[in-house]
Amino acid sequence: MKKNRFFVPLVMIVLFSFLVIGCSEETKGESDGEETSKESKSEVRADEKENNLVDSGVPVSERDRPMRVLLINDDGFDSIGIQLLHERLKENGYDVWTVAPINNQSGTGTSIKWDEEEHELIEHGNQQYAFEGTPTDSFKVAVNVIMDEKPDLVISGVNDGPNYGEIQFNSGTVGGAARAVRHGYPAIAASLNFFGGEELDKYMDPAVDYVVNMVDVLNEEWQSGNMIMPLGTGLSINYPAEESSEIKGVKFIENEEVYSDFQNYKYDEEKKGIYNFNDMGYLTSLIEDEEIETDLTIANRGFVTVTVIDGNWNAEEQKVDYMKSVLSELEAY
């Protein structure tokens, strides 16, 4: 990414440093649910004095076109979430592409379908394709084979189930978005906190609208010359399956650091075998314990949760230094 360099007097650098430190200290005390201030928002934007390009490398002068959005998912091409999202984004004037798995790929994480057989591709028209593969496969074939121009934003979803806590780690919805982030694309993994039933359409509709509204906000950033997101950044969203009057607000919150492990296995005495099961009693106890605040618990207390992800598997420096000291005498042979 090219940068225009400007001469900045030393005094201004020192002054700017104090301002940034002051803003950082002020925002430390804010709760996860508080609205981001204009000051902190400006800190994470691209510096207009130094950058004319955003993460996608599109010059400001070339942003007189609609934002190009790629949709993928793990529920499959025919699922309501991705079809409704494609329709709504197109109505809002975006250049929308959908490349989604032919069939359901839930729980595939970031995996790919790697073999020597031909991968089926079905063109449905209106820039919509169904592909034989995982969400990651769909993303990769979209940007490397199908699309003539790279997307400005990738959205995975809207998934018809939650993706928080340990579920996020094996989620195809989040996995597809994380792979896009790792390849340098800003991405959103969008999920509806829905556990099944007959009211999917009812709750999916406002969830899709929320994602479209978020895209509208990001588009304003893009059109004005700012980054859609900092390079290597994505979002994982969980929208409540609740009446609008019951939704309490939006909270930015981290994914569980140590998973609660409510998705597990058990031996079924009647069936005489080991089966998956969701320990809903344990999950309920976590949600009811108000001292526990994670993406899992907050999402089940009526909030829209937003978890900022970066797809980075590298540990922080302190952890690296510790492991170096522990293994310092280990020889290669």
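Tyr203 counts as buried, at 11% relative accessibility. Buried here means under 20% relative accessible area, exposed over 50%, and partly exposed in between, with a 1.4 Å probe and protein chains only. Phe194 is buried too, with a relative accessible area of 9%.

This is a predicted model, where local features need pLDDT of at least 70, side-chain atom pairs count only at pLDDT 80 or more, and totals for chains, interfaces and linings use all residues. Residues are numbered from 1 along each chain as its sequence is written, and side-chain values use heavy atoms, leaving out hydrogens and water.

**Aromatic pairs**

Rings of Phe, Tyr and Trp (its six-membered ring) pair if their centres lie within 6.5 Å; planes under 30 degrees apart count as stacked, over 60 as edge-to-face and the rest as tilted. By this rule there are three aromatic pairs. The table gives two, including their geometry.

| Pair | Type | Centre to centre | Between planes |
|---|---|---|---|
| Phe139 and Tyr185 | edge-to-face | 5.6 Å | 80° |
| Phe194 and Tyr203 | tilted | 6.4 Å | 50° |

Phe139 and Tyr185 form an edge-to-face pair. Phe139 lies in helix α4 (residues 135-146) and Tyr185 in the loop between α6 (172-182) and β6 (187-193), so the pair ties together parts that are 46 residues apart in sequence. Both Phe139 and Tyr185 are buried. Helices (H or I, at least four residues) and strands (E, at least two) are DSSP runs, numbered from the N terminus.

**Charges over rings**

A charge sits over a ring if NZ of Lys or CZ of Arg is within 6 Å of the ring centre and within 35 degrees of the ring normal. Lys251 has its charged end over the ring of Phe303, 4.9 Å from the centre. Lys271 lies over the face of Tyr275, at 4.9 Å from the ring centre.

**Helix α3**

Helix α3 (residues 80-91) has twelve residues. From first C-alpha to last, α3 reaches 16 Å, close to the 16 Å expected at 1.5 Å a residue; the expected span is 1.5 Å times one less than the number of residues. Its buried residues are Gly81, Ile82, Leu84, Leu85, His86, Arg88 and Leu89. Their cover includes β1 (68-72), β2 (95-101), β4 (128-131), β5 (153-159) and α7 (200-223). Just after α3, Gly93 takes a positive phi of about 95°.

**The whole chain**

The protein chain has ten helices and eleven strands. Of its 333 residues, 43% are buried. Contact means heavy atoms within 4.5 Å. Among contacts with a separation of 6 or more, 76% join residues 24 or more positions apart.
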